[in-house]
Amino acid sequence: MGDTNLSAITGALEQRIRREVVKQYNRSALTTNLLRKIDGRGKNLAWDVSLGTAGGQIFDDGQMITTFNSDQKRQATLPWAELGDAFKITGRAEDGAQFSQTELANQWLFELGECVTRCADIWNTQIWNGDGTAIGGQRLLGLAMSSNGPLSATGTYANINRAVDTQFAGIVMANGGVPRAISLDLILYGFEQVFNASGRQPTWGMTTANIHRMLGTLTGSQRRENRDVYIRGQKLHVSMGYDSVEVNGVPVFKDKDVPTGVLTFFNDESICIEVLPVAPSRVQRGKIMARVPIAGLPQEQDMQGAPGMKPLTANIIQLPSPGNFDSWMLNTTGGLEVVRPNAHLMIRDIQFKSS
């Protein structure tokens, strides 16, 4: 005989679990959310580029015209990439989970939601770090590629050779691999180079959490911390995860996938994600169950954005399942398209600061 304490009856008590499944991973996809999304078409991503250095002529009164100019035209092309993920649920697992008092009761919906976050994550990592190869599936050509990349100053991007067509070069400020401190002067000098090359100004920036913290410590009227910021007319809050520091009027966000030492500024009109729409015949055959948003600004993901604003979506495709299980894949065919590299700025070799 003894006292009935908690330890004596623990094994007989009902286990109570909070309803919410607490996710431990970080699959934020800030860059993918912020980039514009447009529909594409055809066998690849393609756009025409006009390059030229002629500046016009001054005519004498009644002069006979003998000089004629034309800017050079080039076609830029990139391959489509197919990104996504897949999941499978056994019949026993779904049947056993249906009476759970947690989010796992609807096993299919919960697994779909987690698959969506993995799809967004692969897009975000590829947008920054994809090497553009086709080994085991076509990868994106990421922003951080130092050679032949979308923002690079040298090499060949989208089949256009920058050694020949120099106006297609990006604006890169590196320091030969030697880390250096960040400063307002450095950033403003970069803005100056972008303006001189393209006549454009950056509209938002992206960097690492470390550099983002250092930007917050800069002094001067050109730097302030934002609680709210507008991107393409949509108001974004810190509570949504859009924490930004404003530098010279440009909001700068932080993303886990930005490589160490990199600070990048974008002109929103000159970069986008292009997505290949689904053929209606595939939908009519029942191959595509539905489309689900995986990334975008809040109103875009709610499918309530202004005309021309849309989220990045994935197809839900049910796969053949010869047994007591069901399986699905989510996939999106698209690509990262930097239509005007000289309208953006990449600063490399920024020194890491631990405190």
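This note covers aromatic contacts and one surface patch in a predicted model.

1. In this predicted model, local features need pLDDT of at least 70 and side-chain atom pairs count only at pLDDT 80 or more, while totals for chains, interfaces and linings use all residues. Residues are numbered from 1 along each chain as its sequence is written, and side-chain values use heavy atoms, with hydrogens and water left out.

2. Eight aromatic pairs are found in a search of the whole structure, a pair being rings of Phe, Tyr or Trp (its six-membered ring) with centres within 6.5 Å, called stacked if the planes are under 30 degrees apart, edge-to-face if over 60 and tilted otherwise. Trp108 and Trp328 count as edge-to-face because their ring centres are 5.9 Å apart and their planes stand at 70 degrees. This pair links distant parts of the chain, with Trp108 in helix 4 (residues 107-129) and Trp328 in strand 18 (residues 325-337), 220 residues apart; helices (H or I, at least four residues) and strands (E, at least two) are DSSP runs, numbered from the N terminus.

3. Trp108 is partly exposed at 22% relative accessibility, whereas Trp328 is buried at 6%, where buried means under 20% relative accessible area, exposed over 50% and partly exposed in between (1.4 Å probe, protein chains only).

4. Trp204 and Phe266 form a tilted pair, 4.9 Å centre to centre with 50 degrees between the planes. Trp204 lies in strand 8 (residues 204-207) and Phe266 in strand 14 (residues 263-266), so the pair ties together parts 62 residues apart in sequence; both Trp204 and Phe266 are buried.

5. One aromatic cluster is formed by Trp47, Tyr157 and Phe168.
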